[in-house]
Amino acid sequence: MSVVIEEPFRRVHVVVDNAEGFDADFTFQARTEPYALRRGRLLDDGGALLWDQSHMIQSGHVHGIVRERRA
């Protein structure tokens, strides 16, 4: 699998080759700016970081192909 960020926050190209039962080649093209959601962090009682996460949503179009591989 390869993921190439062709244009940050605008266009991403994904290729899956020889996967379990399928191949794929598709591109995500943004149609809106990304929207970042609130960041979440959790520390234990001693102040050590347990997890740190952030999320982003973005509307866009996907075009390409997914092919079933037959034995």
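Contact, in these notes, means heavy atoms within 4.5 Å. I'm working on a predicted model, where local features need pLDDT of at least 70, side-chain atom pairs count only at pLDDT 80 or more, and totals for chains, interfaces and linings use all residues. Residues are numbered from 1 along each chain as its sequence is written, and side-chain values use heavy atoms, with hydrogens and water left out.

**Entry: T27**
I looked up T27 and found it in strand 3, residues 22-30 (strands are DSSP runs of E, at least two residues, numbered from the N terminus). Leaving aside residues up to four places away in sequence, T27 touches R11, V12, H13, H61, V62 and H63. T27 counts as buried because its relative accessibility is 12% (buried is under 20% relative accessible area, exposed over 50%, partly exposed in between, with a 1.4 Å probe and protein chains only).

I traced an open sheet of four strands, order 1-2-3-8, with antiparallel pairing (two strands pair if DSSP finds at least two bridges between them). Its edges are strand 1 and strand 8 (60-68), each pairing on one side only. From one strand to the next, the twist averages 10° (axes are lines fitted to C-alpha atoms, and angles run from 0 to 180 degrees between N-to-C directions). Strand 2, residues 11-16, pairs with strand 3 over six bridges; V12 has F28 of strand 3 as its bridge partner.

**Entry: salt bridges**
I searched the whole structure and got six salt bridges (a side-chain nitrogen of Lys or Arg within 4 Å of a carboxyl oxygen of Asp or Glu). R11, one of the T27 contacts, bridges to E7 with the closest N and O atoms 3.4 Å apart. I also noted that E6, E7 and R11 are linked in a network of salt bridges. R11 is partly exposed because its relative accessibility is 27%, and E7 is partly exposed at 34%.

R10 pairs with E33, closest N and O atoms 3.7 Å apart. That pair links distant parts of the chain, 23 residues apart: R10 sits in the loop between strand 1 and strand 2, E33 in the loop between strand 3 and strand 4 (35-36). R10 is partly exposed at 24%, whereas E33 is exposed at 60%.

I then checked R39 and D52, which meet at 2.5 Å, N to O. R39 lies in the loop between strand 4 and strand 5 (40-43), and D52 in strand 6 (residues 49-53), 13 residues apart. R39 counts as exposed at 54%; D52 is partly exposed at 33%.
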